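Trainee: I would like to go through the labels attached to this model and ask what stands behind each one.
Mentor: Go ahead, one label at a time.

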Amino acid sequence: MTILQFFLWSLLKVVVVTVVMLLGVAYTVLLERKLVGRIQNRWGPNRVGPFGLLQPLVDGAKSFMKEDLIPAGVYRPLYLLAPILALGCALISIGVVPFGEPKIGPGGLDLFEISNVNIGLLVILGITSFGVYGIALAGWSSNNKYSLLGSLRSSAQLVSYELALGLSLVGVVMQTGSFNLRTIVEKQAEKGIATWNIFGGMQFLAFFIYLMAAFAETNRSPFDLPEAESELTGGYHTEYSSMKFAMFFMAEYANMINVGCVATLLFLGGWTSPLGNLIPPPQNIFVHALMPIFWFVAKVFAFLCLYVWVRGTLPRFRYDQLMQFGWRVLLPLAILNIVGTSLWLAYR
Amino acid sequence: MNPSITSLLQQAVPLQAYLLLSAVLFTLGVIGFLVKRNLITVFMSIELMLNAVNLSFVTFAHQWHAVKGQIFVFFVMMVAAAEAAVGLAIIIAVFRARATLAVDRIDLMKL
Amino acid sequence: MHVILFVVFAGFCLGGAINLLLQSHPINSALSLIVVMSSLAVLYLLLGAEFLAAAQMIVYAGAIMVLFTFVVMLLNAGREERTLGSRAAGIIGFPAVVALLAVLATVLLRTRDLGTAALSQGITSTEELSTVLFTKLLLPFEVTSVLILIAILGAVALARHGNGDSGGNQERTEAK
């Protein structure tokens, strides 16, 4: 394969994945509104198109059409940079996520992954840690006390929970001996659900910690303090309107999908089927290529439903409770998990 | 494809380029340390110098195919993290006491 | 490919570092420093240091610089005041800097056999790195962890005394 071909294929993959990701973000919003509606015993959006399926597109058009207000007191360069930074970081990390069998395209090309990186997991963590800046700068440059309070809360929360998030993944990495996301998934493939890291790998404690830290990392309820409407009038994006607000909104949902992808890859066996190699692979080449994608999407979808379910059920934490929970419960538990896993690996 | 483009794509970079970059970055850090008058920016210049030194460590590790150079960078990062935590705590304490961050105004040992 | 990537990201590095000097507001300087650090991470990748590139992103760009921006935001430190520079800096500092750069540049340009760096050559895997770190250099590693513990205690002690408004930054310092 020449360099030119490689570039063209990569460009194609990037475009397709980005479009699918943005559509996924739009329909995650609809999923959340529908599900929360059902939880609260109402219908949710059902006027635009069949079952309200066109609602996200109409919402997007509305955001585009709205007047783009920039308040007088803001610090302009950073005010404009912040939403781009937030959305950019949220969309980049999908680039190292594998979502199908390797080497299936023409000439042994990885059709179902933009790039196979040796340190894929670390890349995702690095990009996630970069996402803090979008929120921090948004709050500071808005020149509004609610925004500043929201962004101070948020950056403290993100940095605190990042620690627990990172440490909860160490157990999985120790078992696999690699940061490569493909290797991590292939290790879990053999017997399906019995060899998934969450069950066969004895990492359910790690999964619990990851789940809690992920809720906090994506600013989702019950840890949605940075944008607590009732106390901060919206937090860091108080001063943002129209498309710039929509970018923050999309970044939040894109981050939810990212977190779901990482959970799927590390704990739930990635693109492999829950039955593992017990059933023979299908003969048809298209079915063979598309089945893994089906499983991957199904797992991420289940994770997103869990997110919405929790949001519809739990009330918000208080700020000191949040910090206590992060530092005094999750962090020691994560370290305990690492010690336990290494003991298990040593004396197995 | 055009052969000149292909040769450009496969050309290697001499390690001197990396070392020169590191030297220039270090010098810019020193200049920042001397010129800037804000305590936080002065501190940032120090971080810039540390980063420049790290780059030359990584370059030499690449040249000798030695892992220890990279591990040294790892240690520098850990020390820099500790230094940043303590340094910024000191800056907060100074700001509370003096209500200024200009290095020229902070010239007394006692309040 | 290596040449193009090197030129682009070395340019980002230099641009960021110069911008750090030119900007008068600390938050702009902090952002330029973030640009420098992220480009350095790419240069580490080019030199085959994968793990260090990730660590550079996570530790430097993602944690240390967040701490800097956080302090700038917290203190709401405005523009830099124009004051007279130190006299020692003018007399000794700048000539010394120029001399340092000159000496380094001459030495580097005279050395001929340093070798080159090309794409996907001499990549250090995380495994090699951790093997050396946790066997031969275990003691320094543990000593560093003690150092970080002391730093945490020091930071908490420094930031804690004072009145009630210290709650936020105390937690933030613990986050380190």
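Mentor: The model is predicted. In it, strand S1 (residues 13-14) of chain B and S1(C) pair in the antiparallel sense over 2 bridges.

Trainee: What makes S1 of chain B and S1(C) a pair?

Mentor: At least two bridges are needed for strands to count as paired. S1 of chain B and S1(C) have 2 bridges, in the antiparallel sense. In this pairing B:Pro14 stands opposite C:Thr116.

Trainee: Where else do chains B and C touch, and how many residues are in contact?

Mentor: On the chain C side 76 residues are in contact with 65 residues of chain B. Elements of chain C that give two or more residues to this side include helix H1 (2-22), helix H4 (87-110) and strand S1 (116-117). H3(C) gives the largest share, 11 residues.

Trainee: What is the class make-up of the side of chain C that touches chain B?

Mentor: That side has 56 nonpolar, 16 polar and 4 charged residues.

Trainee: How confident is the predictor in chain B?

Mentor: The mean pLDDT of chain B is 84, and 89% of its residues reach 70 or more. Confidence is lowest in helix H1 (residues 3-10) of chain B, at a mean of 62, and highest in helix H3 (residues 39-64) of chain B, at 91. Where pLDDT is low, predicted coordinates should not be read in detail.

Trainee: Which elements does chain B have, and in what order?

Mentor: Chain B has 4 helices and 1 strand, and from the N terminus on they run α-β-α-α-α. Of the 111 residues in chain B, 48% are buried.

Trainee: Turning to chain A, how many helices and strands are there?

Mentor: Chain A has 12 helices and 0 strands. Of its 348 residues, 46% count as buried.

Trainee: Why does the radius of gyration of chain A agree with that of a compact globule?

Mentor: A compact globule of 348 residues would have a radius of gyration near 20 Å, and chain A has 21 Å, so the two agree. The C-alpha atoms of chain A fill a box of roughly 60 × 45 × 45 Å along the principal axes. Among contacts in chain A between residues at least 6 apart in sequence, 78% join residues at least 24 apart.

Trainee: Which domains does the assignment give for chain A?

Mentor: The domain assignment gives domain 1 (18-65) and domain 2 (69-347). Their centres, taken over C-alpha atoms, are separated by 22 Å. In terms of contacts, 14 residues of domain 1 of chain A meet 15 residues of domain 2 of chain A. The largest share of the domain 1 side, 11 residues, comes from H1(A). By class, that side divides into 8 nonpolar, 5 polar and 1 charged.

Trainee: Why is A:Gly131 called buried?

Mentor: A residue is buried if 20 or more other C-beta atoms lie within 10 Å of its own. A:Gly131 has 26, so A:Gly131 is buried. A:Gly131 is found in the loop between H4 and helix H5 (132-141) of chain A. Leaving out residues up to four places away in sequence, A:Gly131 touches A:Ala86, A:Cys89 and A:Ala90. The C-alpha atoms of A:Gly131 and A:Gly88 are separated by 8.4 Å, and these residues are 43 residues apart along the chain.

Trainee: How do you know whether A:Asn219 is buried or exposed?

Mentor: A:Asn219 has 25 C-beta neighbours inside 10 Å, so A:Asn219 counts as buried. Phi of A:Asn219 is near 55 degrees, also a positive value. A:Asn219 is found in the loop between helix H8 (204-217) and helix H9 (229-232) of chain A.

Trainee: What makes H7(A) mostly covered?

Mentor: In helix H7 (residues 181-188) of chain A, 6 of the 8 residues are buried. Among them are A:Leu181, A:Ile184 and A:Val185. The buried residues of H7(A) pack against helix H4 (120-130), helix H6 (145-176) and helix H10 (242-267) of chain A.

Notes:
Residues numbered from 1 in each chain as written. Chains lettered and ligands numbered in written order. Predicted model: local features only at pLDDT ≥ 70, side-chain atom pairs only at ≥ 80, totals over all residues. Contact = placed C-beta atoms within 7 Å. Nonpolar A, V, L, I, M, F, W, Y, C, P; charged D, E, K, R; others polar. Buried ≥ 20, exposed ≤ 12 C-beta atoms within 10 Å, placed from the backbone. Domains from an automatic or database assignment. Rg over C-alpha atoms; globule rule 2.2 N^0.38 Å. pLDDT = per-residue confidence, 0-100.
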